[in-house]
Amino acid sequence: MRKKRALSTYRARKVRQRGHDDAFTFALKIGLSSDYENNPQAKKDVVDLSKDSHSVKSGNAKWQIFLYRASRFETDDAFRVMNGVGKLLTACINAFPATYKAYQRNKSLAKLRLRKPMRKLAKKLKNKVRLRAFISKSMFNGGEVDYLTVKHDGKYHVFWNQDISKVLAENLEVCNSTARQKGQVSEQKVIFRFKGKNLGELEMRNDSETHYREVRFNMLKGKAMDLFFQEIPLAAKYSRSVWVYGSAVKHFKRWK
């Protein structure tokens, strides 16, 4: 078991390093120096020459939008005032016992307790205005981050934050997960679907003592990019490797 966890940690480190490398390359491509400004804790991976910030995503399969403990939802004002969304995310966490050992002794009970807050959370996020606010907070820290910039097929695709939040809110269907095999329990996740296919999910992470009682928000890169390309038109090619979409062209300035 130790070997498996160590390998998982190694892979996670590799993924994080690839993300840092891709953000660094993007910074150089838009005219920044190698000591460019950033603040990853606030989702500001690159701050460009106009002092606007970019959340830079890469990876081949999946993006982790956030991984938060209860303290984040309890102290962050945006989550606290989002019409009960923060409270329900905290309730999902509190469905699980205080220690990982206690959870290991009775996983079924925790999963049964999780069903009610997960069901209520999905219902809350079916509201399109609320869903848009949740996406804006989750991906752009409530608008503090200006762009989603994605490395995809060898290029950097630059999207304006409001375009992304609007497109996702308008096109995603929100539902709960459904048990499909014996022993599984329904309503363990909130699922975000596009054209009947899963694009993202909110789920509990309870796989180890290190990652216990955390809520994770993931998106599938391929499905997300299909939606963005479908709904947000290409507006400008600033170089062979930096393309700008939709409203981003009004804000993202060409470098010298």
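**Entry: V150 and its strand**

I looked up V150 in this predicted model and found that its bridge partner in β5 is H157. Strands here are DSSP runs of E with at least two residues, numbered from the N terminus. Strand β4 covers residues 147–152 and β5 covers residues 155–160. They run antiparallel, joined by six bridges. I count two strands as paired if DSSP finds at least two bridges between them.

**Entry: the sheet**

I then traced the open sheet of six strands, in the order β1-β2-β4-β5-β11-β10. Its pairing is mixed. Which strands stand at the edges? They are β1 (46–47) and β10 (234–237). Each has a single partner strand, so one side of each lacks a neighbour in the sheet.

**Entry: helices on the sheet**

Helices are DSSP runs of H or I with at least four residues. I found α8 (residues 161–171) packed on the sheet, touching β4, β5 and β11 (242–245). Contact means heavy atoms within 4.5 Å. The direction of α8 makes about 80 degrees with that of β5. Helix α9 (residues 221–231) also touches β4, β5 and β11. Its direction makes about 115 degrees with that of β4. Axes are lines fitted to C-alpha atoms, for helices over the stretch in contact; angles run from 0 to 180 degrees between N-to-C directions.

**Entry: cysteines**

How many disulfides (cysteine sulfur pairs within 2.5 Å) are there? I found zero. The sulfur of C92 is 15 Å from the closest cysteine sulfur, in C175, which is too far for a bond. C92 is buried at 1% relative accessible area, and C175 is buried at 15%. Buried means under 20% relative accessible area (1.4 Å probe, protein chains only).

**Entry: ground rules**

I number residues from 1 along each chain as its sequence is written. Local features need pLDDT of at least 70 and side-chain atom pairs 80 or more, while totals for chains, interfaces and linings use all residues; side-chain values use heavy atoms, without hydrogens and water.

Key:
A disulfide is a pair of cysteine sulfur atoms within 2.5 Å. Buried means under 20% relative accessible area, exposed over 50%, partly exposed in between (1.4 Å probe, protein chains only).
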